Amino acid sequence: MDINAFVLFWAAIFTSNILLTNFLGMCSYLSVSREVESSFGLGVAVMFVLTVTAGLNWLVYHYVLVPFGIVYLQYIVFIIVIAAFVQLIELIIERYVPALYYTLGIFLPLITVNCAIFGVSLFMIIRDYNFLQSIAFGAGSGIGWLLAILMLAGIRARLKEKLIPVGLRGAGISLIITGIMALAFIGFSGIVQIQ
Amino acid sequence: MILVILKDIATLCSISGVLAIILVIAHRFLNDYGIVKININGKKDINVKGGNSLLSSLADNKIFIPSACGGRGTCGACKCGITKGGGPLLPTERPLLTKEELITNTRLACQVKVKSDIYINIPENIFNIRKFNSKIVEIIDYTYDIKGVTFKLDAGEKIDFKAGQYIQLITQPYAKMRQSVSRAYSISSKPEEDDRIQLIIRYVPEGICTTWVHQQLKVGDEVSFTGPYGDFFLRDTDADILFVAGGSGKAPIKSILDHLQVVGTQRRMTYFFGARSKKDLYLTEEMKAFESVFEYFRYEPVLSQPKAEDNWDGKTGYVMPFLKETIRDPQNTEAYLCGSPGMIDAVSKALIAAGIAKDKIYFDSFG
């Protein structure tokens, strides 16, 4: 796809937000959005892992899977790369940046099974992005995911004291809010399309 | 075709292998925190290999902190005080700690990693907790779904526990369950028999441990457990006592009554046992026999759904309505409840409404 990496970066945040347009990474988005502080920690971790794994998987795809003619194994290979990278980065952060580990590191195992990470790696292959575009798309998607979870956490924090029908409390009201947020983001879609 | 498949598998294995080797090397070097010190209650130092959880580091040194969930950070049983070290509070601990515990530096031992010297406070009775090996010497079918299982400790071993406490049975892998798990069960035998314990275990469909006990274990099998745990035991006062139990909740109360028979008591005691129908009642004669042992004791089984063929002429319905008429002096009455969380919640509310102070209601919830 012939699109400027910078444009792709902004589009991934706003017009094609991975969570609000593709609804990927919903499990951790719903479960860790009770407090703004922990949402921020998870969001930063997702952003970091998304950016790096997009680059790593691009390299693995073009320099290992394509030359060996095994692109059909991309699903399993991408998952292995993501899982290994998350474990490695967890070990490094825990050892050398303890302060960061206590805010971000404990969320890393959650990210291994976050389908937004896997989704971004697949999108960049389907849409035939180059390396720079993949990094931009990964970083933009990560920031977009962070933005979405922070918005939900902020709204849920304000809703804590409000009277909500019993049947709608928790996941119910969170999904309704997410739907409204997604509608709001449609307003950005006229700017640029990357689907 | 086969060669192509083999080539693909080899490539996939190579990628996985390279990543696995990187991880193993990284783990070897990055997770090596050397030998670190755990100071316990300012009295005792133990040296452990750094990098593991506090719970497992203590268990490696035969100090067993209770943990019903096996270290997954969901039960909150492994709380201990940390005065120095241990790093900041983790978001995985916060939901299981009360406001008071947050202020007093209480932490979950399963979540705290020991990477540098750490100073902890744990109750002295924790040191009493050990791992025991035993052999099953008796299995009794009390009802269609409740068994009494007696475990005799290895020769020369003795267990020092208070009537009402519990142990954690360690399952062995069986059938589809390849993992070993620990599950908590109250001791139903008396502390005076310190070379054995008896457990009363109710079958829970799909339950890992209860299925193992009910369908796999037989007399002569060797079984391990850790214990004793818990703060559910009879307080040494002269207050009247209300015991309320349901199902296998009879276990700790049987232990307390057996113990009282040995030491003697003049306290006024009433024991309500809730069950659905007559087929859920067990050890009734034994409990009734205590009425002639103690001067002031009454055993009252209450059936919530007696069947026509039961010919039941005892109390029916739930236990709650009978409590108020039994309580003579609410200010001087203690309650000991054991059973399902729902039963404990409902009975506690009824007791508080009847004037019994909240801190005089002791319970062992089978949640």
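Here's a quick briefing on how chain A and chain B meet, plus a look at one residue inside chain A. Keep in mind that this is a predicted model. In it, 22 residues of chain A are in contact with 23 residues of chain B. Together the two chains bury about 2100 Å², and 71% of that is on carbon and sulfur atoms.

**Chain A's side of the interface**

- Sorted by class, the side of chain A that touches chain B has 19 nonpolar residues, 1 polar and 2 charged.

**Polar links and helices**

- The rule picks out 2 salt bridges across the interface of chain A and chain B.
- In one salt bridge, the side chain of A:Glu94 meets that of B:Lys113, at 3.1 Å from N to O.
- Three helices of chain A, α3 (36–65), α4 (74–96) and α5 (98–103), each supply at least two residues to the side that touches chain B.
- α4(A) gives the most to that side, with 12 residues.

**A look at A:Val46**

- You'll find A:Val46 in helix α3 of chain A.
- A:Val46 counts as buried because its relative accessible area is 0%, and the cut-off for buried is under 20%.
- Leaving out residues up to four places away in sequence, A:Val46 touches A:Ile111, A:Asn114, A:Ile117 and A:Trp145.
- A:Val46 and A:Thr112 are 66 residues apart along the chain, and their C-alpha atoms are separated by 9.5 Å.

Notes: Residues numbered from 1 in each chain as written. Chains lettered and ligands numbered in written order. Predicted model: local features only at pLDDT ≥ 70, side-chain atom pairs only at ≥ 80, totals over all residues. Heavy atoms only, no water. Contact = heavy atoms within 4.5 Å. Buried area = accessible area lost by both parts, 1.4 Å probe. Salt bridge = Lys/Arg side-chain N within 4 Å of Asp/Glu carboxyl O. Helix = DSSP H or I, 4+ residues; strand = E, 2+ residues; numbered from the N terminus. Nonpolar A, V, L, I, M, F, W, Y, C, P; charged D, E, K, R; others polar. Buried < 20%, exposed > 50% of the residue type's maximum accessible area, 1.4 Å probe, protein only.
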